Amino acid sequence: MCPVTHMWPGWRHDSVSAYYRFVVLFFNCLLTFGSYFCFDIPSVLQEQFQGNLTCPNGTQHNGTGHNGTLDCVEGLGMTPAQYNLLYAIYAWTNALVVVVAGFLIDKLGNHFGVFVFSLLTVLGSSIFALGSHFKGTPYLLPMMLTGRLLFGSGNGSLTIVQNRITAFWFKGKELALAFGLTLSFSRLGSVLNFFFTQQFESHFGIQWTLWGGTLLCVLGFISAITVSMLDKVGMKQLGLDGVIQQESKKVRVQDVRRLPLRYWLLVLTIMFFYNGVFPFVADASKFIQDKYSGYSQQAAAYIAGAVYDSSLVLSAAVGILIDYVGLRGVFAVGCAVLTLPVFALLAFTFVPPLVSTIWLGITYSFAAASMWPSIPLVVPQATLGTAMGLATSVQMIGIGLSNLVVGHILGTKSSELKIPLWRWQQMMIFMLANTIACIVTSVSLNVVDRKQGGTLNRTTKRSPVEHEDRQPADAAPLLSDEPGNDGSVN
């Protein structure tokens, strides 16, 4: 990790208890709970976002009726293309902001990052909720896009600093478990959204529902202040606060050129995999209602949310497994290969959609626990924020492009009509293409990793003696040309 962890091996055991590390982890997990709840509110309320501005008397329903009815849904009046633009603007903003954010976090520290970026999520979700009060006016879409822009600027960057804090306190320990728990808390927000948002909206309306999401982002801001204090106190106890500041000053933009080929292949693998997850979940609820008979909006939301239900249940256990087994590169290939049948079933069969969403949730759990924790293994700690920022940027560029492509494929002009099944089939074929690209990049990643020492497929739990024999303590520079060797998990 940081050079001092090599100079004083075992410092975490002696200076800071496991209890303190997991307290830091708990509040670190809460950073993104509310923001992930807010992120997919449009997915659950897609009918309301694309619903008619007004409905004739006696034809309005609250979105709980079965598909195929002629009932009118009153909503914000967006077209499918405008609706998908809400997700695209989030992704594109992330792509632009997170690179700069990652560098700033490396230069200015975690305390700066958690405060500023959690505040942006609160401001963004507030403007997004405020925009819903302007339905039927030219101000609705610009305000909601501005809110998503600010929200995306904060949430994507907040995930970077969250991962950086996790990597600092758990590298060489329960790294994949810690990453799995942060994912579980984030997905808990997503799962609760899919379970309760539609019911809340049916009682209180879309405007109060969006403001409720904003309140959960405020919870994240309070957690940001708490974890910042805990992180600062912990570093002082370790006597590392001054050292970390000195090392941060050495970080330069030019260090990006020293990121290894394995890192870039890992980034592409992440991008192509997530291109098939987030754009699908964004439209899954309407897809289920349009293709399969007998599903209400609420039931369709539950089934779409099963992607996150699975990851919520499995992430911690999968993290523990990968901590002991290693084989991160192998798991990355396996996840991509096993995701192919998901979109094939959705595109060409009428197998119940719950099978596919649970299946996708399982592969997503293994992908998240194997891919993202691999980044600290192939880059040095001093540039980890920058590396995470670049990875998130490329990921969001891919997701943003995917959202635009999906919006173009599904882009019917009338928001009240069912989207033809041939359009949904084209969307699933596009998801399949991304998954095939993920297989290609993940196989290439394993080939390159094997030639460079096999860091990714090395088991995490190694004895201190073995690690010291492989890498002398005084031979670990801050910015090494071979970060996989000196920066790998013990």
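Is the crossing of H13 and H19 left-handed or right-handed? The crossing of these two helices is left-handed, a crossing being called left-handed if the near helix is turned anticlockwise from the far one by less than a right angle, and right-handed if clockwise. The structure is a predicted model, in which local features need pLDDT of at least 70 and side-chain atom pairs count only at pLDDT 80 or more, whereas totals for chains, interfaces and linings use all residues. Residues are numbered from 1 along each chain as its sequence is written, and side-chain values use heavy atoms, with hydrogens and water left out.

The protein contains 21 helices and two strands, where helices (H or I, at least four residues) and strands (E, at least two) are DSSP runs numbered from the N terminus. Of its 490 residues, 59% are buried, a class defined by a relative accessible area under 20%, with exposed meaning over 50% and partly exposed in between (1.4 Å probe, protein chains only). Among contacts (heavy atoms within 4.5 Å) between residues at least 6 apart in sequence, 83% join residues at least 24 apart.

Helix H13 (residues 278-291) and helix H19 (residues 421-451) have axes that come within 11 Å and cross at roughly 150 degrees, the axes being lines fitted to C-alpha atoms, for helices over the stretch in contact, with angles from 0 to 180 degrees between N-to-C directions. The two helices are therefore roughly antiparallel, since angles under 35 degrees count as roughly parallel, over 145 as roughly antiparallel, 65 to 115 as roughly perpendicular and the rest as oblique. On the H13 side the contact is made by Pro279, Phe280, Asp283, Lys286, Phe287, Asp290 and Lys291, and on the H19 side by Leu421, Trp424, Met427, Met428 and Met431. By class, this contact has eight nonpolar, no polar and four charged residues, with Ala, Val, Leu, Ile, Met, Phe, Trp, Tyr, Cys and Pro counted as nonpolar, Asp, Glu, Lys and Arg as charged, and the others, Gly among them, as polar.

A second pair is formed by helix H7 (residues 80-108) and helix H8 (residues 110-131), which pack at an angle of about 160 degrees with their axes 10 Å apart. H7 and H8 are likewise roughly antiparallel to each other, and their crossing is right-handed. Leu86, Ala101, Leu104, Ile105 and Leu108 of H7 meet Asn110, Phe112, Gly113, Phe117 and Phe128 of H8, and the residues of this contact divide into eight nonpolar, two polar and no charged.

Ser310, in helix H14, counts as buried at 9% relative accessibility. Not counting residues up to four places away in sequence, Ser310 touches Ile358, Gly361, Ile362 and Ser365; its C-alpha atom is also separated by 9.2 Å from that of Arg187, 123 residues apart along the chain. In the loop between helix H14 (297-325) and helix H15 (328-348) lies Leu327, which is partly exposed at 33% relative accessibility. Leu327 has a positive phi of about 55 degrees although it is not a glycine; most residues other than glycine have a negative phi.

With a disulfide defined as a pair of cysteine sulfur atoms within 2.5 Å, the count comes to zero disulfides. The sulfur of Cys217 is 3.6 Å from the closest cysteine sulfur, in Cys38, which is too far for a bond, and Cys217 is buried with a relative accessible area of 2%. Cys438 is also in no disulfide, the nearest cysteine sulfur, that of Cys335, being 8.3 Å away, and Cys438 counts as buried at 1% relative accessibility.
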